[in-house]
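This report describes a protein chain for a reader who is new to structural analysis. Please keep the sequence and the model in view while reading.

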Amino acid sequence: MEGQDEVSAREQHFHSQVRESTICFLLFAILYIVSYFIITRYKRKSDEQEDEDAIVNRISLFLSTFTLAVSAGAVLLLPFSIISNEILLSFPQNYYIQWLNGSLIHGLWNLASLFSNLCLFVLMPFAFFFLESEGFAGLKKTKVKGENQLEEGYEKGIRARILETLVMLILLALLILGIVWVASALIDNDAASMESLYDLWEFYLPYLYSCISLMGCLLLLLCTPVGLSRMFTVMGQLLVKPTILEDLDEQIYIITLEEEALQRRLNGLHCCVWAFSSCGLSSSVEHNITELEQELDNVKTLKTKLERRKKASAWERNLVYPAVMVLLLIETSISVLLVACNILCLLVDETAMPKGTRGPGIGNASLSAFGFVGAALEIILIFYLMVSSVVGFYSLRFFGNFIPKKDDTTMTKIIGNCVSILVLSSALPVMSRTLGLHKLHLSDTSRDSETAKPSANGHQKAL
């Protein structure tokens with residue numbers, strides 16, 4: 001009987017592992033497909049010719065899509081954990097949700113952490129250096145004729161660029177390790193500190209990722225207030241404003257006359273450009289033509305907005321815009337109120353400090369005093385925080401050039417956007433927990449029964 005029980009337990013463990021792997025694969029496949037469509041919407045359209053640069057761009061596109069999917073998974077994982085906890089509390093014995101357990105949540109968090117490290121330290125640097133590489137001089141492909149020889153030349157060129165990229169990554173890793181070694185020797189020059197430098201995999205890589213998360217938290221603290229103030233402006237640009245004491249027909253008529261006048265002036269300058277070129281005045285005429293073309297584009301854009309406002313229904317003009325603005329005001333007020341209450345609790349009550357203690361675990365107790373409604377509110381605020389941080393990030397002057405444009409975004413800019421979103425998404429759980437937007441303990445899993453053990457160099461790390 002004991003042997004049969006042991007076999008049954010192993011079978012259940014095997015089936016649970018297969019089920020969790022299948023669920024993780026399906027979820028990531030959905031995120032990858034959605035991320036691919038998002039990136040291809042903004043990626044600059046290239047020629048259909050199959051050459052070496054096209055192959056390099058395609059590989060960089062796949063790596064960027066993988067990174068964006070990991071970022072989306074990191075953003076969705078915290079709301080997924082909160083809603084899973086409430087579902088398990090509401091239906092504890094339901095047969096159809098037995099797959100939703102602490103083991104699955106723990107595995108998803110581990111995969112998110114692993115893939116975030118992989119994308120941040122390996123895939124994205126590889127994609128950037130691979131995109132900018134040209135291959136070593138002795139390994140570059142030569143111009144050949146014939147399809148077979150051309151394909152062989154492409155393969156040699158790709159291999160040369162991969163080799164150069166790997167060399168650049170190795171040199172970058174040695175540079176970072178050298179800087180860490182020198183800094184450690186200058187700050188703390190003792191035997192234990194120098195010995196800890198050899199504990200690369202178990203201490204310094206997780207510590208480096210924690211530093212990246214800290215940088216992401218600081219970036220979130222900088223971007224979120226800007227995003228909260230910019231959300232009203234952005235939504236005002238996307239939605240149709242109510243027409244109060246405005247005559248849209250008259251405005252469209254005036255803007256149409258202005259467009260026709262600019263078009264006539266532009267046609268006249270195009271006709272006279274050849275006459276002015278003989279007199280040496282072509283440069284000034286071309287400058288005037290450029291200014292008129294830019295002004296004409298602005299007029300056309302304004303005309304399009306006015307026509308959109310005219311075609312909008314009365315419900316869209318008079319109901320959607322005020323409702324969205326009121327909703328944004330309520331969400332911003334609740335977020336500020338929760339953050340203020342959390343800061344007050346931290347100042348008054350020492351037990352409210354996040355000391356890394358374990359909570360009740362997934363499916364054992366509700367994370368909100370209001371139950372399912374409170375959990376839904378927490379999820380909405382978390383998404384609102386993320387959207388506000390992204391809006392604030394692109395609103396900063398230093399990152400203004402990172403804004404992607406439809407069908408006109410280079411792969412280098414796409415890689416920069418993917419890295420930025422990955423850093424922000426990695427810091428979102430810690431940031432929202434610190435601000436008091438949720439009470440989920442990120443270490444609460446069904447496998448956290450092991451205690452913290454000291455590593456070989458004396459550092460304390462949690463397994």
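## Salt bridges

A salt bridge is counted when a side-chain nitrogen of Lys or Arg lies within 4 Å of a carboxyl oxygen of Asp or Glu. Side chains of opposite charge can pair when their charged atoms come close. The model is a predicted one, in which local features need pLDDT of at least 70 and side-chain atom pairs count only at pLDDT 80 or more, while totals for chains, interfaces and linings use all residues. Residues are numbered from 1 along each chain as its sequence is written, and side-chain values use heavy atoms, with hydrogens and water left out.

How many salt bridges does the structure hold? There are two. In one of them, the side chains of Asp408 and Arg44 meet at 3.1 Å, N to O. Asp408 belongs to the loop between α10 (372–395) and α11 (411–435), and Arg44 to the loop between α1 and α2, so this pair ties together parts that are 364 residues apart in sequence. Asp408 is partly exposed, with a relative accessible area of 38%, and Arg44 is also partly exposed, at 42%. For these terms, buried means under 20% relative accessible area, exposed means over 50%, and partly exposed lies in between, with a 1.4 Å probe and protein chains only.

A salt bridge also joins the side chains of Lys303 and Glu259, at 3.2 Å from N to O. Lys303 is part of helix α8 (residues 282–311) and Glu259 is part of helix α7 (residues 248–278), so the pair links parts that are 44 residues apart in sequence. Are these two residues buried or exposed? Lys303 is buried, at 18% relative accessible area, and Glu259 is buried at 17%.

## Overall architecture

The secondary structure of the chain consists of eleven helices and two strands. Here, helices (H or I, at least four residues) and strands (E, at least two) are DSSP runs, numbered from the N terminus. Along the sequence, the pattern reads α-α-α-α-α-α-α-α-α-α-α-β-β.

Of the 463 residues in the chain, 36% count as buried. The accessible surface comes to about 28,800 Å², and 65% of this area belongs to carbon and sulfur atoms; the areas come from the Shrake-Rupley method with a 1.4 Å probe, and for residues only the protein chains shown count as cover. Among contacts (heavy atoms within 4.5 Å) between residues at least 6 apart in sequence, 82% join residues at least 24 apart.

## Annotated transmembrane regions

An unreviewed UniProt entry annotates "transmembrane region" at residues 20–39, 59–83, 103–131, 166–187, 207–228, 319–349, 369–394 and 414–432. The positions are given in the numbering used here, feature names are shortened, and annotations may be inferred rather than shown by experiment.

Two of these spans may be examined in the model. Residues 103–131 are 100% helix and 0% strand, with end C-alpha atoms 39 Å apart. Residues 414–432 are likewise 100% helix and 0% strand, and the end C-alpha atoms of this span lie 26 Å apart.

The expected span of a helix is 1.5 Å times one less than its number of residues. Helix α2 has a kink of about 30° at Leu76, shortly before the proline Pro79. The bend at a residue is the angle between axes fitted to the seven residues ending there and the seven starting there.

The 35 residues of α9 (residues 314–348) should span 51 Å, and the end C-alpha atoms are 51 Å apart, in agreement. Helix α9 bends by about 30° at Val320, with the proline Pro322 following within four residues. Its buried residues include Arg317, Tyr321, Met325, Leu328, Glu331 and Thr332. An α-helix has 3.6 residues a turn, so residues three or four places apart point the same way.

## Residues that meet across the sequence

Ile23 is found in helix α1 (residues 2–42) and is buried, with a relative accessible area of 16%. Which residues does Ile23 touch, not counting those up to four places away in sequence? They are Trp99 and Leu104. The C-alpha atoms of Ile23 and Trp99 are separated by 9.1 Å, although the two residues are 76 residues apart along the chain.

Ile414 lies in helix α11 and is buried at 6% relative accessibility. Ile414 touches Ile39, Lys43, Ser64 and Thr409, leaving aside residues up to four places away in sequence. Between Ile414 and Lys43, the C-alpha distance is 7.5 Å, and the separation in sequence is 371 residues.
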